[in-house]
Every structure is written in C-alpha cells, then in structure tokens.
Amino acid sequence: MQESKNTIERRKKNRIRQFHHHAFRTSDMEATRKFWEDILECPLIGTFVETTDPVTEEPSNYIHTFFELGDGTALAFFQFQEGLYKESAIKGPQDPFDHHIALEVEKKEDIFAFKERLEAAGYDHMLIDHGYCYSIYAHDPNGMQIELTTKVPETVEIMEKHAKTAHEDLKKWLEGVTEANNKYRRMRDKA
Ligand SMILES: [Fe+2]
C-alpha cells in the first residue's frame, strides 16, 4: 500500500528531516567496536580525537566514534581517557556525553530558527560547531538531551577523509597517542 498524500505532505512540512545519530558514553571502545562492527556489521567510519571538552570548555581528552547504519545515519560513542570524565552527583544522564539523540535538519537557518523558538519558550541551549556538522543541544521537559544538527559544506569531505583512518586513529588513541585530529572544529558558538 502506498502512503497517502496527507502522510507525504505532513512529512514534507516537518523541518526535522531524519534521525542523524544516537550517542552513548563507553569506558571500553574496543569492546564497543567489536560488538557494533564485528557482530552487527556496522562499519567504524570515524574516530575523532578531541582535546577540549566543549561542555566545560576545559582541556580534556576523548574520542568520538561513529558506526554507520545502512541509511547513512550512525550510532556514536565517546570514551574519555581514564579519570577525565567528571561524574556529577546528579542521577541519570548529565550532559551530551552520557546520552543524547540527534535529529537532522536541512540547513543552518533551521538550527537558528529552532534556537529562537527554544529561547522564546525558556529552554537553555548550547550551539556547537563540530567542523563536520553544526548543532544545537537542549533538554526536553523530561531531561532527555537532544541535538538538532545539520550538515555543512565540509561534511562529506571531512567524513570521507576520516573514514580512511578511523581504525588507525582508534588504535593509536587506545595506545596512548592523544593529539587532536579534528582540526576543523570551532567549539562553542556564542552566536
Ligand atoms: Fe551528537
């Protein structure tokens, strides 16, 4: 059965275009990689080594990996160097490293439009330029951390480049080589 015109029109009007990624923090990236890549066959397509925590804006060290699904969306994971992730006393997910769901919008203008809507409704938010995408973060009324994100002109180039070295980058980081390899990132955007 074909979807009705109503259904198609309703979806066309939705500025949240699609699922983008889901993120979770791990303390064992290699076990995570084995599960998602070796068992479930989702290829590791990026390992970004970061040396600043964009939440606290302080020096830190962690990797951000992406395992790709068949539609181009991904499952993302973070692992911090031992002792560098600060657990808070708050129960449940405390920041986007612990857990968040990311939804894709078509363009940066949509991010800014939602920023205004969030502000008008009294929600705190945070803009982050990741280099390979541009995002706004907020909490829904249940405390669920959400990210709205859009591709940028550099997205494909950066992701294609990182896909080639993702395994090597992961191996090196796990072995203690912790220099940043995401040179495109501009961090917190106060715009
Ligand atoms: Fe994310």
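Nine strands make up an open sheet of mixed pairing in this predicted model, in the order β2-β3-β4-β1-β5-β8-β7-β6-β9. Strands here are DSSP runs of E with at least two residues, helices are runs of H or I with at least four, and both are numbered from the N terminus; two strands pair if DSSP finds at least two bridges between them. The edges of the sheet are β2 (44–53) and β9 (187–188), each of which pairs on one side only. A word on conventions: residues are numbered from 1 along each chain as its sequence is written. Because the model is predicted, local features need pLDDT of at least 70 and side-chain atom pairs count only at pLDDT 80 or more, while totals for chains, interfaces and linings use all residues.

Several neighbouring pairs can be followed strand by strand. Strands β5 (residues 99–105) and β8 (residues 145–150) are parallel and share four bridges, with I101 bridged to I146 of β8. On β8 there is also an antiparallel partner, β7 (residues 134–139), joined to it by six bridges; here I136 stands opposite L148. β7 and β8 form a hairpin with five residues between them, and G143 in the turn has a positive phi of about 90°. Elsewhere in the sheet, β3 (residues 58–68) and β4 (residues 74–80) run antiparallel, joined by seven bridges, and the bridge partner of I63 in β4 is Q79.

Helices pack on this sheet. α4 touches β2 and β3, and its direction makes about 70° with that of β2; contact means that the C-beta atoms of two residues, placed from the backbone, lie within 7 Å. Angles run from 0 to 180 degrees between N-to-C directions of axes, which are lines fitted to C-alpha atoms, for helices over the stretch in contact. Helix α3 (residues 108–120) lies across β5, β6 (126–129), β7 and β8, and runs at about 20° to β7.

What lies inside? The largest nonpolar core has 17 residues, of which A23, I63, F67, A76, F78 and L170 touch the most other members. Such a core is a set of buried Ala, Val, Leu, Ile, Met, Phe, Trp, Tyr and Cys residues joined through C-beta atoms within 7 Å. A residue is buried if 20 or more other C-beta atoms lie within 10 Å of its own, exposed if 12 or fewer, and partly exposed in between, with C-beta atoms placed from the backbone. β2, β3, β4 and α4 are the elements that give two or more residues to the 17-residue core. Leaving aside residues up to four places away in sequence, F78 touches A23, R25, T26, Y62, H64 and F97. Another core, of 10 residues, lies apart from the largest one and includes V105, I128, C133 and I158.

At the surface, E168 belongs to helix α4 (residues 155–174) and counts as exposed because it has 10 C-beta neighbours inside 10 Å. The C-alpha atoms of E168 and T47 are 8.7 Å apart, although 121 residues separate the two in sequence. L40, in the loop between α2 (29–39) and β2, is likewise exposed, with 11 other C-beta atoms within 10 Å.

Taken whole, the protein has four helices and nine strands. Of its 191 residues, 24% count as buried. Among contacts between residues at least 6 apart in sequence, 64% join residues at least 24 apart.
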